[in-house]
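Visitor: I would like to learn how to read a model like this one. Please take me through it feature by feature.

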Amino acid sequence: MSLSRILDRETEKIINKVSEITSGYYKHFSLDLDGLCEKLNIKLYEATFDDDNVSGAITRDGETWKIVINESHPTTRKRFTVAHELGHYFAITNDSLLAVEYLEDNDNVIKDYFILNRDDVVSDDNYQIERQANYIGAS
C-alpha cells in the first residue's frame, strides 16, 4: 500500500474523531472556531508577520497551545487558517504517522514545523503535512 493511501486512511480516522469533538460547536451552519479553541484550551492570537505569505502558525510550549494568525488577512482567510492549524493540532494529538515522524526527525520543534509560508511547501513531506491539515481542517 502506498504512503499516500496510508495517510488518506489515517486522515479519515482523525476526521471521524474530529467530527465527534466538533459536533456541538456549529452556529448557523458555521463551526464556532473560537468556542472550539476555548474548549481545547488553545489560545488564539492575531499578529503581524514579516512575510505576508505566512497565514498563521501553531505552537506548543509544554501543555499550552497557541494559534497565531496574520492580522492583515481577510476574515475568510483567517477562518481557514485557524481551521488549518487545528488540522495540525488534531494530527499531532491523534498521533498522525506523518506528524509524529516529522517531529521525531526535528527534535520535537513544533514552532519550526508549522511556520511555513506557501513557497516552502515544495518537498513531498511538507506537501503531505499541509495536505493532511487542509483535509482535517476542512472537515
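**Reading the model**

Guide: The chain has an average pLDDT of 76, and 70% of the residues score at least 70. pLDDT is the predictor's confidence in each residue, from 0 to 100. This is a predicted model, where local features need pLDDT of at least 70, side-chain atom pairs count only at pLDDT 80 or more, and totals for chains, interfaces and linings use all residues. Residues are numbered from 1 along each chain as its sequence is written, and side-chain values use heavy atoms, with hydrogens and water left out.

Visitor: Where in the chain is confidence lowest, and where highest?

Guide: Where pLDDT is low, the predicted coordinates should not be read in detail. Here the lowest mean, 42, belongs to helix α5 (residues 110-114), and the highest, 94, to β3. Helices (H or I, at least four residues) and strands (E, at least two) are DSSP runs, numbered from the N terminus. Over residues 106-123 pLDDT stays under 50.

Visitor: What is the strand order of the open sheet?

Guide: Strands of a sheet pair through backbone hydrogen bonds, either parallel or antiparallel. Two strands count as paired if DSSP finds at least two bridges between them. This open sheet has three strands, ordered β3-β5-β4, with mixed pairing. β3 (42-47) and β4 (56-61) are the edge strands, each pairing on one side only. β4 and β5 (residues 64-70) run antiparallel, joined by six bridges. Gly56 stands opposite Ile69 in β5.

Visitor: Which helix packs on the sheet?

Guide: Helix α3 (residues 75-93) does, touching β3, β4 and β5. Contact means heavy atoms within 4.5 Å. The direction of α3 makes about 150° with that of β5. Axes are lines fitted to C-alpha atoms, for helices over the stretch in contact, and angles run from 0 to 180 degrees between N-to-C directions.

Visitor: How should I read aromatic pairs?

Guide: A pair of aromatic rings is described by the distance of the centres and the angle of the planes. Rings of Phe, Tyr and Trp (its six-membered ring) pair if their centres lie within 6.5 Å; planes under 30 degrees apart are stacked, over 60 edge-to-face, the rest tilted. The count here is two pairs. Trp65 and Tyr89 have centres 4.9 Å apart and planes at 85°, so they are edge-to-face. Trp65 lies in β5 and Tyr89 in α3, so the pair ties together parts 24 residues apart in sequence. Tyr89 and Phe90 are also edge-to-face, at 5.3 Å and 75°. Trp65, Tyr89 and Phe90 form one aromatic cluster.
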